[in-house]
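Subject: Handover of a two-chain model

Dear colleague,

Please find below the sequence and structure that I am handing over to you. My findings follow directly after them.

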Amino acid sequence: MANYKPAIPLMIIYAILIAIGFTIPGMWQPIIFVIFYIAIGQALNIFLGLTGYVNFGYVALLGIGAYGMAVALGYYSTAIGIAAILLGFTLAVIFSVILSLAVGGVALRLRGAYFAIATIGVNEGLKHFIEGAKIWGGSEGIVLSGLLRKTFGVEFTNYLSTFVADVILIAIAIFAGLITLYILNNKIGYALIALREDEDAAKVMGINVTKYKMIAFVISSIIAALIGASSWTLKMTYVFPSDVFAINYTVEAIVIVMLGGAGTLLGPIIGGLIYGVLKYYLSVILPGFQLLILAPLLIIIVVAFPEGIVGYIKRKLRRTAIFEYIM
Amino acid sequence: MAVLEQLLANLLYGVILGGVYGLATMGLSLIFGVLRIVNVGHGAFVMVGAFIAYWMFILYGVAPVISIPIALLLGLIIGAIIYFAVIRRLIDAPELSTLLATFAIGLFIEELAKQIWGSDYVGYSWNIGSITLPITEVPLTKLLALLSSIIIAIIVYLWFQKTKLGAAVRAVVEDREGAMVCGINVNRIFMISFALGIGLTVLSGVLVTLFVPVGINVYMGGEYTLKAFVIAVLGGLASPWGAFYAGFIFGLLENGSYTLLGLIPGVEPFGLTRFVSFAVLLIILLVKPTGLLGGE
């Protein structure tokens with residue numbers, strides 16, 4: 001029953017976004033801004049959407065990825081040059097796998113409430129660990145701009161942060177979409193949906209629920225860490241613990257997933273599009289609006305509209321020709 | 001010797017602070033026990049209580065002890081409003097919904113508080129003298145906070161054990177359907193428990209201010225959410241009494257590790273102590289997720 005047709009709308013949306021970014025002057029950065037939100041939504045959706053478990057420490061995965069890149073560039077770029085970027089992505093993946101295995105290994109054996117409790121302190125815990133133990137620059141963070149300019153030259157550094165980082169982000173976002181589609185069409189996805197609906201029943205049917213939750217968690221973590229490595233460290237050229245572990249990003253990602261439709265392929269894309277565009281234009285008019293508006297919005301979605309936009313459309317279009325293309 | 005004395009003094013503070021921690025967690029455990037909802041926005045209610053104490057003291061010169069019933073009353077009202085506006089609609093919803101909803105409620109309260117009180121750190125000092133022990137000096141305000149916590153916990157305990165309503169709440173904790181069959185209005189019990197849970201939490205915020213002289217801030221709650229989770233899990237998550245006792249354990253643990261971490265050169269013990277509470281949480285979940293004190 002594998003159905004890969006939803007890849008078509010997925011790729012069309014990305015193609016349109018990229019085309020707008022390339023052809024209309026001044027639109028590249030807004031488009032990248034929107035794609036960042038789509039990407040963090042997609043990464044979270046693989047775990048939250050497919051398992052029904054909430055990871056309140058989501059931002060810690062973006063942050064630890066950002067640190068992976070910062071450590072590679074900050075401490076090794078003079079020695080190994082441009083290969084440090086590759087090392088940065090590798091470290092981001094390694095750090096995120098270690099963190100997700102540690103947290104998931106402990107808390108995913110337990111029920112959702114316990115997992116949520118375990119994750120709520122992850123970002124603050126990591127922040128205090130880095131600041132308290134004074135590793136990786138402690139609370140002063142890692143500032144790379146000077147070092148990068150000295151090692152790679154001013155022009156190449158600018159090229160890295162204004163173009164290469166963005167292209168990598170787009171690649172990660174598309175990859176996240178395709179891997180979601182693959183999971184949904186695969187044994188992993190069937191197992192995850194079964195356990196999301198009824199964990200006890202899934203267990204009785206012989207599904208190793210902890211294993212599948214773990215797979216989803218690690219995949220979601222790796223993608224989040226890659227986003228952090230490219231969109232924060234490579235793009236901004238600095239990392240501060242108070243920035244990269246700020247809870248705002250967790251909230252934004254949750255709102256994007258829930259607004260678009262948790263557990264759907266296109267949900268985080270629609271949610272990220274709406275949220276990214278609104279934020280880009282509203283933050284100019286209403287600075288600091290974010291949480292004051294996001295919090296009640298999230299309450300309203302959860303209470304009145306838990307299926308999200310794509311979930312709603314999917315239900316409305318059942319038994320029509322378009323249905324196959326929406327997932 | 002100086003180290004040992006410092007450790008003993010800090011452990012004593014740990015016990016005193018632990019009583020307040022325990023009280024600050026009872027509301028969380030009560031709500032989980034009765035409604036099976038984890039209040040992820042817990043810390044925000046502690047913050048509200050702290051600001052009530054601050055305002056009453058700064059604006060009207062009211063001693064924090066007098067603010068206790070005021071905070072309880074306001075907390076009950078806030079709890080009832082939240083119950084009717086949001087929680088009531090989510091009683092049978094999947095866990096995901098209640099987790100996200102309580103999380104969002106906490107954020108919303110913080111942002112509202114920021115509109116009222118701004119984001120600066122504030123504080124007040126209430127001095128009524130202190131008693132001198134061989135190892136340290138203990139301010140009377142802190143002893144008063146401990147005493148209030150114990151008295152309030154006892155009152156709640158008696159209410160649970162000796163009144164009809166308390167018995168109904170216990171029945172719902174034990175078996176929701178069974179209680180319904182016996183003619184208990186479960187929805188009413190849900191409302192009362194949620195309001196009481198929030199009331200106790202707001203109340204505990206008043207006592208917290210006696211320990212953080214300049215630490216009142218709209219975002220102070222996050223720290224207490226994490227601490228309350230550690231304590232609640234220690235105490236078995238669904239048991240308010242377990243939570244109260246676990247508060248003392250956590251107070252000892254926190255202050256003990258603060259002293260010991262301070263001995264390591266080159267680290268900043270304050271930040272690391274907060275990391276320790278997170279690490280303790282993971283260890284308890286790994287070793288004995290049902291809580292060290294029995295519980296569920």
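This is a predicted model: local features need pLDDT of at least 70, side-chain atom pairs count only at pLDDT 80 or more; totals for chains, interfaces and linings use all residues.

In which loop of chain A is Lys134(A) found? Lys134(A) sits in the loop between helix H6 (122-132) and strand E1 (142-143) of chain A. Helices (H or I, at least four residues) and strands (E, at least two) are DSSP runs, numbered from the N terminus. The phi of Lys134(A) is near 55°, a positive value in a residue other than glycine. Lys134(A) counts as partly exposed because it has 15 C-beta neighbours inside 10 Å. Here a residue is buried if 20 or more other C-beta atoms lie within 10 Å of its own, exposed if 12 or fewer, and partly exposed in between, with C-beta atoms placed from the backbone.

Residues are numbered from 1 along each chain as its sequence is written, and chains are lettered from A and ligands numbered from 1 in the order in which they are written.

The two chains

Chain A has 16 helices and 2 strands. Its radius of gyration is 20 Å, close to the 20 Å that the globule rule gives for 327 residues, so chain A is as compact as a globular protein of that length. The radius of gyration is taken over C-alpha atoms, and the globule rule is 2.2 Å times the number of residues to the power 0.38. The C-alpha trace of chain A spans about 60 × 45 × 40 Å along its principal axes. Of the 327 residues in chain A, 51% are buried.

Chain B comes to 11 helices and 2 strands. Read from the N terminus, its elements run α-α-α-α-β-β-α-α-α-α-α-α-α. For the 296 residues of chain B, a compact globule would have a radius of gyration near 19 Å, and chain B agrees with 19 Å. Its C-alpha atoms fill a box of roughly 65 × 45 × 35 Å, taken along the principal axes. Buried residues make up 52% of chain B.

Two residues are in contact if their C-beta atoms, placed from the backbone, lie within 7 Å. Among the contacts in chain A with a separation of 6 or more, residues 24 or more positions apart account for 78%. The corresponding share in chain B is 79%.

Where the chains meet

In the interface, 37 residues of chain B are in contact with 34 residues of chain A. On the side of chain B that touches chain A, the elements that give two or more residues are helix H4 (95-117), helix H9 (221-234) and helix H11 (269-287) of chain B. H4(B) gives the most, with 12 residues. By class, this side of chain B has 27 nonpolar, 5 polar and 5 charged residues. Ala, Val, Leu, Ile, Met, Phe, Trp, Tyr, Cys and Pro count as nonpolar, Asp, Glu, Lys and Arg as charged, and the others, Gly among them, as polar.

Why is H9(B) described as largely enclosed by the rest of the structure? The reason is that 14 of the 14 residues of H9(B) are buried.

Gly235(B) lies in the loop between H9 and helix H10 (240-262) of chain B. Gly235(B) is buried, with 29 other C-beta atoms within 10 Å. Gly235(B) and Pro289(B) are 54 residues apart in sequence and 9.9 Å apart in space, C-alpha to C-alpha. Gly236(B), which follows H9(B), has a positive phi near 100°. Leu237(B), found in the loop between H9 and H10 of chain B, has a positive phi of about 60° although it is not a glycine. Leu237(B) counts as buried, with 24 C-beta neighbours inside 10 Å.

An exposed glycine

Gly266(B) is in the loop between H10 and H11 of chain B. With 6 C-beta neighbours inside 10 Å, Gly266(B) counts as exposed. Gly266(B) and Val202(B) are 64 residues apart in sequence and 38 Å apart in space, C-alpha to C-alpha.

Yours sincerely
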